[in-house]
Amino acid sequence: MGSKGTRRTVTSAALAGVAALVLAAPPPVAAAPRTGTAPSFGTVAARQEVSPTPPPPRLPRDFRGKGKWIVRDLDITVPFTWEGRDGDSQMTAGGPQYPIWFTNLIYRDTLYTLTYKWPGLNEHPCSRIPGFNLEALNQGFENARFVGRETLRRTPRRHVNHWRVGVVLPKLPPGKYPRLPFALGDIYVDEDNRGTFWQVLQFGVQNLYDPELDEWLVMDTFEHRPGTVTLPQLCEPPQ
């Protein structure tokens, strides 16, 4: 499928990127209260720490939500949906009328990525990585590091727990060693429900199609009822 297609397969615009991050993240550590304002598309304000570290994010088996996929450096914002049904899940950004259009799925223990449209992209294969499912994703989330309790200043305001996942290479002990941030992700889940995802930032090799290597998903709605998951005709069914 070519070098770009191969790299996007492993670290795609959305779900594959999250998977690559969480599966290699180091063990969780308690975080001190966060201060100042973090950059986001729904300004994040820090709030005082009031209790011990909450449980880490956990994507539910059944859900449906709508929002936006944002690529700031390309000045592109497209509609975004994220849906789950009985453990399968699907992300879809944009559509045929938009400059960006892709879908990522966890479908019958297989991870799929299909990018229909992206500026400068001429290859459009459906990649398939077997042996990955919801349980593996949530197991990876167990290694996320808690940043702090924050408020997304949108309408309505969302009180969230901010989590960080990341991969730094090479793996070396503390000290003065050369190392590079291979991939990073910031996950904002509802303060009262770790299975309600309101915002995700992805930065690193999972965003190689983007010149600045960072992309956002921002949810406007997130409901805990079954969604619709459909494997595209261009993708090979699971074995």
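**Figure 1. Close-up of R61 and its partner D86.** In this predicted model, R61 has a relative accessibility of 38% and therefore counts as partly exposed. R61 forms a salt bridge with D86, and their closest N and O atoms lie 2.9 Å apart. The two residues are 25 positions apart and link distant parts of the chain. R61 lies in the loop between β2 (44–46) and β3 (63–71), whereas D86 belongs to the loop between β4 (76–85) and β5 (88–94). D86 counts as exposed because its relative accessibility is 55%, and the cut-off for this class is over 50%.

**Figure 2. Close-up of K68 and D220.** A salt bridge joins K68 to D220, with 3.0 Å between the closest N and O atoms. K68 is in strand β3 and D220 is in strand β13 (residues 214–223), so that this pair, 152 residues apart, also connects distant parts of the chain. K68 counts as partly exposed at 36% relative accessibility. D220 is likewise partly exposed, with a relative accessible area of 36%.

**Figure 3. Close-up of D186 and R164.** The side chains of D186 and R164 meet in a salt bridge with an N to O distance of 3.0 Å. D186 comes from strand β11 (residues 180–190) and R164 from strand β10 (residues 158–169). Distant parts of the chain are thus linked by residues 22 positions apart. D186 has a relative accessible area of 6% and is therefore buried, since that class requires a value under 20%. R164, at 29%, is partly exposed.

Methods. Residues numbered from 1 in each chain as written. Predicted model: local features only at pLDDT ≥ 70, side-chain atom pairs only at ≥ 80, totals over all residues. Heavy atoms only, no water. Salt bridge = Lys/Arg side-chain N within 4 Å of Asp/Glu carboxyl O. Helix = DSSP H or I, 4+ residues; strand = E, 2+ residues; numbered from the N terminus. Buried < 20%, exposed > 50% of the residue type's maximum accessible area, 1.4 Å probe, protein only.
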